Amino acid sequence: MPRNVRRRHWGHTVGTVLVLLWTLPPFLYLVLLSVKPERLMVERSVLLFWPTFERYRDIVVTDLGLPIWNSLITSGVGAVGALLLAGLAAVTFSFLDFRWKAALFLVILLPRMFPPVTTLIPIQLMLKDLDLIDTRTGLIVLFIGFQIPLAIWVLRTFFDEIPRELAESAAIDGASLWSIVRHIILPLSRTGLLAAFILAFIFNWNEFLFPLIVTSFNAKTGAVAIMSFAGGYKKLQWGSLAVLGVVMTMPVIIFVVAFRATLIRGFTAGALKG
Amino acid sequence: MGWALLGGGRTTFVLLAAPAILYVLAWRIGPALYTLWLSLHQYNLVYDAQPQWVLFKNYTLLFQDAGLWDALRRSIAFALIATGVELIVGMAAAAFFDSKPPGRNFLLGLFLLPMIMAPVVVGTVWSALFDQTVGPVPYLLELLHGPRIAWLATPLSAFFGLVAADVWEWSPLLALLLFAAMQAIPREQYEAARVDGATSLQLFWRLTLPQVAGMTAVAAGLRLMDAFLELDKVFVMTGGGPGTATQFASFFIYKQAFQGYELGYASAVITCLLALLAVAYGAYLRQPRGSVRG
């Protein structure tokens, strides 16, 4: 085998090992902690043991699962809501040419440039006035607002790829806007809709600061629950903390593994702020 | 447009976009404007019944606030160090992926895991890694007869612990962006150079690097701004501590608003931060050669 090729194979092996070593051990350690029996928790040399799944059972059976459930509902409904509103707007932004489009688009892009803390105080005051503090509805309302800009951006990119002639000829044949949307736009942008939904869901799911400020007992999300076990250096219940961490990562992993190709298209199209 | 606007009038289209636009105005732009307005008022949630107009008093106070300047300095240091390391790691990883290793798509997907995890979970992972009782890092150090360091409880090591977590989390993003840029380079350039006898290192230094310079700047800018505003991991790993050693800008604001209840003052700090970011963003967009569009 020529020396060049051998060197390349060697390089590939080293690189692959490095990538695996970078990504897996930290996360796998968390998984390990989540199934480590309590009495062995501080015995760091003990890596082989009989795993205990009772913490996972606790998530399903006890109140510990409520934050996860809250996360699931608020992230999902929030993503769907954002898609609905964003989808309609994206149709306009993609198919219509009007003078103010640049200005309005800026309105959609502008919020994404603010640091998250910017609207923290007013949002809390607003939700307080609307009596939506510590409710799932309040979170959903927030999440929709968070994801509309990104969703419009991603969906518009996908809508732009629909051949204009299809829509035009349908219009000339007398089709209404609604039927054009139903029969041409929607079917041809399934990938885009899926990508936008997954992105919106993941961003909602990972959201921490706003749920922290705006919920306490009833609508606490998974991310906030992690915080109540952690915070500073007062961590003692590593097992529960680890389980929460693993459960909070599962949906994200599943989505990404299942929809890799879709997501990379959506991500590179939409998530780059520049 | 000749065709009848796709079967709907112009008003229909505007109506389609209106709900989304109004929603964003109400829940994103509006609140931001409120923050600007509130910055001109004194409003302590506990002591003041309602906001009181004080014009620029908050701003004068903030210029004299040593705590704030320290927080800003820490944020800048954190952003610079973390982004620097992430660029190096990301560049190396991107070059690796660009060299078409077997199973590349799978590996790349896997490599992106840290970046799609919730930052609070990343904070949890790294808290566990550094923890005195359950963490492998102190344990390994102990095995090697190294110094006993209370990682997250000592100012300097806590700072670098956060850097480590950030590097782990975000290097993959930079790798992805730089990889995309590298993929755009025509392969013929490499082939031609190889024919002329160039080594891999020369290829990277002379061909790859200059052509990804644009994307490098874009990616670095993005990452710098986000790292400057880092909050979630600080919450979980150090709570701003020990003392105020890891109290970055966002955490400082959080404390002012939600522990000190000084909403007016916090709003002024936020406004200054926004101004700073606007200036930085403006400079960033004005880069020569349109290299920003990358």
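Predicted model: local features only at pLDDT ≥ 70, side-chain atom pairs only at ≥ 80, totals over all residues.
Residues are numbered from 1 along each chain as its sequence is written, while chains are lettered from A and ligands numbered from 1 in the order in which they are written.

Ala258(A) belongs to helix 12 of chain A, which covers residues 238–258. Between Ala258(A) and Gly76(A) the C-alpha to C-alpha distance is 17 Å, and the two are 182 residues apart in sequence.

Chain A contains 13 helices and zero strands, where helices (H or I, at least four residues) and strands (E, at least two) are DSSP runs numbered from the N terminus. The C-alpha trace of chain A spans about 75 × 70 × 30 Å along its principal axes. Of its 274 residues, 44% count as buried.

Two residues are taken to be in contact if their C-beta atoms, placed from the backbone, lie within 7 Å. Among contacts in chain A between residues at least 6 apart in sequence, 77% join residues at least 24 apart. Between the chains, 78 residues of chain A are in contact with 76 residues of chain B. Helix 1 (residues 3–34) of chain A supplies the largest share of the side of chain A that touches chain B, namely eleven residues.

Terms used:
Buried ≥ 20, exposed ≤ 12 C-beta atoms within 10 Å, placed from the backbone.
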